[in-house]
Amino acid sequence: MIVFGKPAAEYFSFQKSILILIVVVGLGRLGLSLAGFPNSTARWVSLTVVSVIGIIYCAVKVPRTAFGGYKTLLPLYFVQSMTGNLIISGSIVLAIVTGHTNIYSAPEYSGPTADNPWLHAGAHLLDGLIVGPLLGWLIGSGIMFIVKKAAPSKAEVPQTSR
């Protein structure tokens, strides 16, 4: 599949390190919870922090490497958001199926969907498809604007010969 002129695989490859970090942190947080660590401890392993790192990372790396422009950020953030929210939704479904609460299904972290875990899992999928990527794109575009003004990309730097 081609997205904004690039194969989808390029978006995964471009941010492989961030995607690995999302998976490690997301599953690490679940693992701590399932291992019996209190939620007050497991909550410090944060996908929210990784999301912020991912937004900044792509907003800086895209213009610096001439990978693309503002529209290129959207599929990158979509992939990041979906990866994290699939882990969260899957963890909520795991809690429903096993009957054992984990950090992702705990009422104190479920917000207004605490009474309906299926709705909570579905809301994370909606977030992963729409809200997260758009919010990331909005923030990342602002960061990219600053980065582009502050320093030209490799493609824009004139080469000098010796």
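Rings of Phe, Tyr and Trp (its six-membered ring) pair if their centres lie within 6.5 Å; planes under 30 degrees apart count as stacked, over 60 as edge-to-face and the rest as tilted. This is a predicted model, in which local features need pLDDT of at least 70 and side-chain atom pairs count only at pLDDT 80 or more, while totals for chains, interfaces and linings use all residues. Residues are numbered from 1 along each chain as its sequence is written, and side-chain values use heavy atoms, with hydrogens and water left out.

**View 1. The aromatic cluster of Y11, F14 and F67.** Two aromatic pairs are present in the structure. Ring pairs join Y11, F14 and F67 into a cluster.

**View 2. The edge-to-face pair of Y11 and F67.** The ring centres are 5.9 Å apart and the planes stand at 90°, so Y11 and F67 pair edge-to-face. Because Y11 belongs to helix 1 (residues 8–14) and F67 to the loop between helix 4 (47–65) and helix 5 (70–98), this pair ties together parts that are 56 residues apart in sequence. Helices (H or I, at least four residues) are DSSP runs, numbered from the N terminus.

**View 3. The stacked pair of F14 and F67.** The two rings lie 4.0 Å centre to centre, with 20° between the planes. F14 is buried, at 10% relative accessibility, and F67 is buried at 12%; buried means under 20% relative accessible area (1.4 Å probe, protein chains only).

**View 4. Lysine charges over the rings of F67 and F14.** The charged end of K6 sits over the ring of F67, 4.4 Å from its centre. The charged end of K61 sits over the ring of F14, 4.6 Å from its centre. A charge sits over a ring if NZ of Lys or CZ of Arg is within 6 Å of the ring centre and within 35 degrees of the ring normal.

Note on methods: Helix = DSSP H or I, 4+ residues; strand = E, 2+ residues; numbered from the N terminus. Buried < 20%, exposed > 50% of the residue type's maximum accessible area, 1.4 Å probe, protein only.
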